[in-house]
Structure formats: structure tokens, C-alpha cells
Amino acid sequence: MSTFSIKIGGEAGQGLVSVGNILLQAIAKEGWHLFAHQDYESRIRGGHNFFQIRVADRPLYTWEGQSDVLVALDKATITNHRDELKDGGVILYDPGLVGETYEGEEFVAVPFVQTTEDEGQPKVMANAVACGAIWAFLSEDIEVLGDVLEAMFADKGEDIVAGNRQVSKVGYQKASEAAERLPKPVKPKEKKPVLLMKGNDALPSGALAAGVSFMSAYPMTPSTGVTEFIAGNQAACGVVMEQAEDEIAAINMAIGAAYTGVRAMTATSGGGFALMTEALGLAGSAEIPVVVINAQRPGPSTGLPTRTEQGDLLYTVATGSGDFPKAVLAPGDIEEAFELMGTAFNLAERYQMPVMVLSDQHLADAHRTVEPFDLDAVTIDRGKVVTGDAANDSGYKRYAYSEDGISPRLYPGSGEALAVSAGDEHDEEGHLIEDAETRTKQMDKRMKKMEAVAEEALAPVFFGDDDAEVTLVSFGSTKGALREAVELLQSQEVRARGVHVRQVFPMAPEIADAFDGSGKTYVVESSFTGQFERLLAAEFAVKPAGHVRRYDGRPLNAEYILEHLEGGRYRG
Amino acid sequence: MANFDVLKETAWCPGCGNFGIINALKEALEGLDMEKHKVLYVSGIGQAGKVPHYIEGNVLNTLHGRTLPTATGAKLANSDLAVFAIGGDGDGYAEGGNHFLHATRKNVDITYIVHDNRVFGLTKGQASPTTDPGMVTGTTPEGVVNAAFNPLAVAITNDTGFVARSYAGDRKHLVKTLQAAIQHKGFSFVDVLQPCVTFNKINTYQWYRERVYDLNEEDFDPTNRTAAWERSFEWGDRIPIGIFYQVERPVLRADDKALAKGPLVQRDLDPHIVDSVLDKYRVNP
């Protein structure tokens, strides 16, 4: 099960993300499958950050702790990560940038910056030198990298393109000898068309495919990528993305837009989501569809802005005062990020309620190569909308009672009928009331919708063996780690099953099956108190045999799970 | 001509300034030949927030303080609707303060009417941002000490394209002002001075009658921002009402490419719209 990993470390502003992105393109172009993630600090310059790429001839879903090639643009990379090097691995470093030279077979000095000077090129091309040096460990063909550099810098003119290509070749040559120590990663037999994306590309793509027409948002890491993606596609897709002055404005603008009959959304992180809770109750009470992405990061409070955790689960599920219909989805990977945005909008409009989508920094920023999305499989269901003669009916009541609790929704202005809506408790006509009978009837009507919502709750995804000795249960972006952990267990001859939950409210009854059987079930998640474990207990009255919890701001992976499961018993 | 029926039975006290405002609104809308189903009132929470429940039209009675972002979202999604944001001084200047600060910068084409009775009515008499210093209320038993909020000055500072003040006790002036606000293209802000007969014993009908005058009947240039700003601080013995500032500014997203084919609400939704968006991410297509 060997895979090849490259870890590039440096200070913010040194260009390590550029190096990473160039390599991702070249690696994908050569047909490899990849999983890449980033670790960065909340700053624009300095600090210590890294970009890690895992490469294989088969699909990858998570990262590995050790690297084959460690690339140091700063000294901290060596200090912090030299112990993660695999046996026989190589540490490429620029002595000039790092500030010293190292003894030891694994250390290979390649002067990225000095090379640009020697070649008479601008210093910023040191990135291309580094790319070339790294490429030597991956491929026999330097021209592939040169082509990627050309595509990337085409708009900067011929000289820049030629310069980058030239210095990358020099970097390649300087690393060639050391590169022969390691076998090159095996390529898949055929090159398939793929999409190279991260979660913050997939989520907005899914929203746009599902017909989102209005977004309002306030920037907050790690959701800002979604906001800027939509902002950049306004003209192309006929969407309006309006920056709001704060998160309260963001959610209320989206609700105002949704009220007129457009698919509307916002995106934020935990601290911003906190500001939206009153409005989510409004959406529930006034029965206005809206989709909200909560891209989690570690709390509490401002926490670790650029890192990852799943600690908003309970407060997202329980959001808003009082009881009202809602749903919370938790995509586990790029494919689900795309698909579940469409699911979210359909649920929101079919049931006229708010739907939350839980993302997190790891899902947001991790890249994978995935199969192109099937746009023909995307369905758009606007729910019960008042059209034709009914739109002119002066007797129209926005909150009319019905068997399933869903009242036909009039887009204001679409006919002569009037739509009257309120957050205060109201009667069928939408006007304010306080009497016990109407209050009870309206509450019953709204909550009746939850019966149907619950019936279509997404079933969990099962991996691995039935009748397992070890069952792992997780939600959201832990999916990749879960999947590979199951494979690692199976490779140790342990019957293992993984249960990935992609809708955390309401939850499908099949999830309880994870706790059946003769084996032991463990809940794997990123939060201190085990919020998912608590939610499962509340919903299904189940208790796992144990758990794995991470709360240091770093993402889970398969190795971490095995390291911590039952005190490391399955470490292997 | 459409008739904007007004409900006789309301939750307001007899003599409430809201009656003057709602009747002026009715007259203004009918005078401009507006169509009921093309009007959307977005109101907040408070006595003023009840206005749309008493006059015909589409209604979204939203949260306390949030009329402006809600109305902005609605207008951007469906520019065919005439969108009104309606609320009181507590709703608009306290809870909604940040939204006021920024909506007055964005020239979204809505009309914002504030029922400024300089007190919190629905919650029974606490001070609001526009309560004059010295007034004793349930939360300020020693008398208000903070400087009164000056919404006109803030709007003028933000170069809002239509900034006006009117008075609930002067029907003619209010109708005229509301109509000018509705017809102005862009964000139109009208602060309506309003007596609260139950909780504000200082700013009464009598009190206003002795002080209010129409500044547009004097030699006043409403395109002069500095003059408008200075005049907005005139308060006490003489209280100017009228259009303080009016200029043409580009309406928010009037030329937006995304809206070139018409209001968002009329879009055809087709998943294949992302085909070209995804091209950027394809490798080995």
C-alpha cells in the first residue's frame, strides 16, 4: 500500500503554495491520483506552513504522516519535520534560505534562489527551480513540468515563460542524482479525465449547478474561498454575490432574496454562524428556504482560524431559538461537497426551511483528483410553488394548512395574490396572532414537515466488511481517513467496517446499525467532548466501545486513527 | 387605480403617530398608481413593524433591526418589486445601526421609512438612540446622557442619494416626501418625526407644532452636501423638515451583467451553467 509523499515547508510569502499548485497540475497531468493538503498559519508573512502532496496509481482519500521527499524553504521545515522522513527519504533544501548546511545522507542541497541568479532570472523564479528539483523524483520527463509552467505563466509573456522553463530544468538536473535513490511512483495504466479541486471549489460549483442565484457573505476563514468563487462567476452564471457588512446582514440578505423566489445562500465559519442563529429561526418560522455553509475551524471563539475541527456540530444542529424544521448535511469529500449542495437546495425549497451544510478547513482546502461531475444527474426541485391562476387568487394564504404541512409558496409579484410572511407567530394569512389554538396549529403544521424530512434523510455510506470486529463511525470530512483506516485494518486481517454519516440532522435510522453486531464500534471525530458521539447517543441511545478524538487543529488520517484506537492495539 | 386598503383595527394607541404615517403611505402609493402585488414591505419589530400588516401589499415582517439587509436582498433578487423597509428608531438606529451605516452607502433602490418617535414604544418606554438627553425612562432613570443619534447626518456623510425628514402630523408634507422618495432612483431615506402619545411626553404634537418648518421653502440647495449636513444638526427651537440632500448616484447593480437578462427570480435554472466554470479544473479532458 505504498504511496509517495512530498512535503514542502516554508514561511508565508515564500511561494510554497505556488510550488504546490504547480506540482499538483503536473502530477495530475501525468495521470497520477493525488491527495494534497495544506497547513498554514493565520498570517500573510512569516510563520511556518507546509503543503503536502501524496501521489499514487490509485485514488487517495487522506494523507500520510511520513514523506519521501521533504522540501525546505526555511529552517523550521527541517527542525519540525525531519523526523517524519521515510527510510531512504531525501530532504531537499536551499542552504541560502535555510541559513546553514546539514550533514547527513538524506540532506541534498539545491540552491533554489542562487540558481535564478546564476541563470540571470528574477529571484521569484526560485519556485520554478524548486518545482524542477522535486519533479526529478517523480518523472523522467521535465517537459511536462515545463508545459505546466508555460500554461500558468502564459499571460506574463514569452520571457517569463522561457525563464521559468529554463530554471526548472536546472533545478531538475541538480536533483537528478539524488532522485535516483528512490523509485519513482508508479503511474496508473491509463490517464483519465479528472477534475483537480478542493472543497472550496466543489461546494460553490455544486451550488451553481443547483441554480443558486443570490449569495451574500462576510469573509471568514475557511469559507472565504466559496464566497470568492461565486463572486468570480457572477457574470458567467447570472448570480449576484453581495458582500455584507457583517454576518447578520449576510444571512438576512439571503433570506430577503429567497423570499422573492430565488435560491439563496451564505457561507461562514463558527463565529459568523453564531451571529446568524436568530435569522435561521426566522427562516424556520416564516418558512423561507435558505442554505448556509458553516465551514468549521477549531473553537472555542476565534480559536485557530486556519485549522480544522468538527466542534460546531451540536450547535449547528440545535441552532435558533425554539423548534423549527431544518436539516444539516455533512459532505465527506469533494464529490459529496458538489452533490450535497444540490441536495441542500432541494431540501430547503421542498420543505421551505433552512438547511445547513457543515464543511471544515480540511475539506475546504484539501485537493484531490476526482471523476468529472455528472451534471445530468443534478435535479432541481423548487417544491410547491404557486403558479397560473392560483397566483391571482385573492384568497391565497401563505401558511394555509395542508396534509403534509407544506403550504404552496407564492413568489411576490408573480401574480395579483399577496404573500404575507412573518417571524412572529402568525395565522394562515401570515398576520400576527397570539391565541393558543392558532399557535398550536401552526407549530404542528411546521413540524409536520419534519416527518417527511426525516423519511428522506440520507443513508450513511458503508465501507468494508459486514459482521466486522471493528466498526468506525464518523461524519463529514473524516470520511477519507475512515475509508483508509478500514483498509489498513483489513490489511492486518481484521474484519473492519466504516460508517460515514453525511446527514447529521435528522439522521437516518440505518446509522444505528453501526452499533449492532458482535464487534466493537468506535466513534471517530475532531472535537474534545465527542459531539458526534453525544448526538448519536441522544438520537439512538447507543454507546460506543470507545472513540478516537482529535482536537489539536490538525486533520485526522488513517494512521492517527489506528494509533489511537484501543490504545494503539491496531497500530500494525 | 389600486386601492391600498388600510385596516381600521390596529394594536396602536389612539392618537399614535403611526396612523398619520400609514394613511400618508396609502395616499402616496395610490397617488403614484402603484400596484399592490408589486409592492413589498419589509418591516422590523416594534409598533412601526406592524404597518405592513395593516396596509395591503406583499409583506416580510422580519427580525428586529434587520429590515435593511432583508430589503436589499429582496430588491437585488427581484428589481421589479417596489421595496420598502419600514421600522422604528430603535429597530433602525439601535439594533439595526450597522445595517443603517452600510445600506446608506450602498445605493440599493429601496425606500426606507423610519417612524422616529424617539423612544421604544412596544417594549414600553425605554430610551432609543434618538431620545433627547435628559429624558427619564425605565432604563435611564437619571435621564439620558448620551448624545442623540443624528441619522440624517450619518446618511449625508455616506453620500446617500436621498435624505429627508418629515412629520407624522403634516399629512400633505409626508405624502409629498414619500412620493419623492419612492420616485427617487436609489436608496431613499425618510426619517419621520412621530409623537408617541403614551411613552414620549416631551416630543408631543404640541411640541412639534411649535418647532417644525419646511426647509425647502427657504433658500436651501439640497444638492449641497455641506449645507445639508450642517442643517441636519438644527434641533430645538426650530426643526427643519423636507429634503435635505438629493443627488443622482448610480443605482446598485443597475448595469450588472448578471442581471442583464432580467431579475434573478426569472432565471432559468440549468445545471450545465457550470460546464464552463469547471473547465478551469479539468485535467486531461
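Among contacts in chain A between residues at least 6 apart in sequence, 74% join residues at least 24 apart. The model is predicted. Chain A has 572 residues, and 63% of them count as buried.

**Chain A overall**

- The secondary structure of chain A comprises 19 helices and 21 strands.
- Its radius of gyration is 26 Å, close to the 25 Å that the globule rule gives for 572 residues, so chain A is as compact as a globular protein of that length.
- The C-alpha trace of chain A spans about 80 × 60 × 45 Å along its principal axes.
- Chain A exposes about 20700 Å². Carbon and sulfur atoms supply 47% of that area.

**A five-stranded sheet in chain A**

- Five strands of chain A form an open sheet with mixed pairing. Their order is β16-β18-β17-β20-β21.
- The edges are β16 (461–464) and β21 (546–549) of chain A. Each edge strand pairs on one side only.
- From one strand to the next, the twist averages 20°.
- Helix α17 of chain A, residues 479–491, packs on this sheet. The helix touches β16, β17 (470–475) and β18 of chain A. Its direction makes about 175° with that of β18(A).

**The β16–β18 pair**

- Strands of a sheet pair through backbone hydrogen bonds, in either a parallel or an antiparallel sense.
- Here β16(A) pairs with β18(A), residues 496–501, in the antiparallel sense. The pairing runs over four bridges.
- A:Phe462 stands opposite A:Val499, which lies in β18(A).

**B:Glu95**

- B:Glu95 belongs to helix α4 of chain B, which covers residues 89–95.
- B:Glu95 has a relative accessible area of 37%. Buried means under 20% and exposed means over 50%, so a value in between makes a residue partly exposed. B:Glu95 is therefore partly exposed.
- Leaving aside neighbours within four places in sequence, B:Glu95 is in contact with B:His64, B:Gly65, B:Arg66 and B:Gly90.
- B:Glu95 and B:Thr10 are 85 residues apart in sequence. In space, they are 24 Å apart, C-alpha to C-alpha.

Note on methods: Residues numbered from 1 in each chain as written. Chains lettered and ligands numbered in written order. Predicted model: local features only at pLDDT ≥ 70, side-chain atom pairs only at ≥ 80, totals over all residues. Heavy atoms only, no water. Helix = DSSP H or I, 4+ residues; strand = E, 2+ residues; numbered from the N terminus. Buried < 20%, exposed > 50% of the residue type's maximum accessible area, 1.4 Å probe, protein only. Contact = heavy atoms within 4.5 Å. Pairing = 2+ DSSP bridges. Axes fitted to C-alpha atoms, helices over the stretch in contact; angles between N-to-C directions. Rg over C-alpha atoms; globule rule 2.2 N^0.38 Å. Areas by Shrake-Rupley, 256 points an atom, 1.4 Å probe, with all protein chains shown as cover.
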